[in-house]
Amino acid sequence: MSEDLWILGIHMTKFGKHPERDLVDLAAEAARGALADGGVQMHQMGLMAAGCLMMANAGVGQQLQKQIGQTGIPVYNVANACATGATALRVAAMAIKSGEVDYAMAVGVEKLAGAGLLGGGGRPKTDDDTWQRRGRYGAVAPLDGRVGTETMPGVFAQIGMEYGYRHGGTSFELFARISEKNHAHSTLNPLAAYQKRFTLDQIMNDVMIAYPNTRPMCSANCDGAAAAILVNGSTLKTLSAEQRRRAVRVSASVLTTDPWEEACQVLPDVNTLTRNAAIRAYEDAGIGPADLDLVELHDCFATAELVHYDNLMLCEEGGAVDLFESGATSRDGSMPVNVSGGLESKGHPIAATGIANVWEVATHLRGEAGDRQIEGARVGLAHVIGLGSACGVHILERSAA
Amino acid sequence: MRLPVEGVLKAFTIVSMAAPGIPVPFAAGVIDLGGTSAPGNVINTEPDPRHIQVGMKVRLATFSLGEDSAGTEAIGFGFEPVP
């Protein structure tokens, strides 16, 4: 029988620009913060999972151990696109559930401030100046800009536009209003990279990146880290009443990739694997979408948030526009989404994101979210997706203790 | 697999910011070709949402990617609106 899984301690750094601090400094703040939050110490950890996408070969986990404690435990350095943080958490979760360790640490860290546009390969100068077939597709030139777009704002713009094609009701203004909501939410989150409220006009008239996504409708590249300490249920029972009260139950921890489909192998499909992850997570947790008190989902672009309402089954199939128009996904609505401000304003230091969104949900479940607290929150869901693709979904529940 | 050369534009974006060397703005799209989705640029029309809408009929068209130093011309493909 597999063990119950709990978050004992969790911490995120302020997201934003940290020019004076390197990856290890940021990861150490998150890791020490999570240990202190859980009332435990490094020597108790049985395993560390460390995520950092941009420095995936740097052994960030070992570097972090040199800073906070070299106890000889196994380190798993993970990289899994924008699902890297959720993957680190999932590795720690598997170690606990297998019964191999009692405590495990997951940490995600990224330095991305000023990184600019992600995803496009650009057009490097080649050694010769003749057309030559190269690579997997035998292309004579890079495809970005010649056969569609590879940059993230454009890829995710198309994903939102396709939803509109299938179900109707979308417009530039609708997507901009989703961004307006999240930026409004961010004003209550002191850890967000940007806490600026934008009017709809400001959003729609800002710099266009890839129609319909203007700059404030895109996730903010920034620096940040987040870490969590996981513990099994039988160990938790031996801890203090305060630790048990603040522990947050992980009732589902799911990671999916694309299933085989008779479809294009080049174009990304963010929908199928997200829906599959959600179905599995609801099954594991024994709840349905209607039981959720808040959701942190992967709004890497305003156009993405809309499709994930549907993929996570927060609405009837095809009903994402109606759900948003009803006001349900605002923080005073029945299904608040991205009360942290989301990736558009809280920021998206890639590997930190999949733990930071769990931190946000856990903080509400503990009743410690301050001005932006969703009152009486008992159950929440955190979702990330990385292209390639990988999707992580975690469902969290407040402790009954 | 043979695909029809005419299809429906089911998604598009107008890329205004891209990596260095890629001319902007350009319209990128996803085209439903008889049930198979394919990526491609929307060409031979203004890259502007007033001229491009999801659901519009488009067809395969070619355009020059330029000549190399040996005088060989590379031909690219995109999709143009069906009038």
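Reader: I'm new to this structure, so could we start just after H10(A): what phi does A:Met313 take there?

Author: This is a predicted model, and in it A:Met313, which comes just after H10(A), takes a positive phi of about 60°.

Reader: And the helix itself, how many residues of H10(A) are buried?

Author: H10(A) is mostly covered, with 10 of its 10 residues buried; among them are A:Ala302, A:Leu306, A:Tyr309 and A:Asn311.

Reader: Where is A:Asp310, then?

Author: A:Asp310 sits in that helix, H10 of chain A, which covers residues 302–311.

Reader: Why does A:Asp310 count as buried?

Author: Its relative accessibility is 3%, and because buried means under 20% relative accessible area, A:Asp310 counts as buried.

Reader: Which side chain does A:Asp310 join in a polar contact?

Author: The side chain of A:Asp310 is joined to that of A:Tyr163 by a polar contact of 2.4 Å. If we leave aside neighbours within four places in sequence, A:Asp310 is also in contact with several other residues, including A:His167, A:Arg275, A:Cys315 and A:Ala320.

Reader: Changing topic to the surface, which residues form a nonpolar patch there?

Author: A:Leu117, A:Val207 and B:Met17 form that patch, and together they have about 200 Å² of accessible area.

Reader: Where in chain B does B:Met17 lie?

Author: B:Met17 lies in the loop of chain B that runs between strand E1 (6–15) and strand E2 (26–33).

Reader: And how does B:Met17 count in terms of relative accessibility?

Author: B:Met17 counts as partly exposed, because its relative accessibility is 36%.

Note on methods: Residues numbered from 1 in each chain as written. Chains lettered and ligands numbered in written order. Predicted model: local features only at pLDDT ≥ 70, side-chain atom pairs only at ≥ 80, totals over all residues. Heavy atoms only, no water. Patch = residues over 30% accessible without salt bridge, like charges linked within 9 Å, V, L, I, M, F, W, Y side chains within 5 Å. Areas by Shrake-Rupley, 256 points an atom, 1.4 Å probe, with all protein chains shown as cover. Salt bridge = Lys/Arg side-chain N within 4 Å of Asp/Glu carboxyl O. Helix = DSSP H or I, 4+ residues; strand = E, 2+ residues; numbered from the N terminus. Buried < 20%, exposed > 50% of the residue type's maximum accessible area, 1.4 Å probe, protein only. Polar contact = N/O pair within 3.5 Å; in protein donor to acceptor, adjacent residues only side chain to side chain. Contact = heavy atoms within 4.5 Å.
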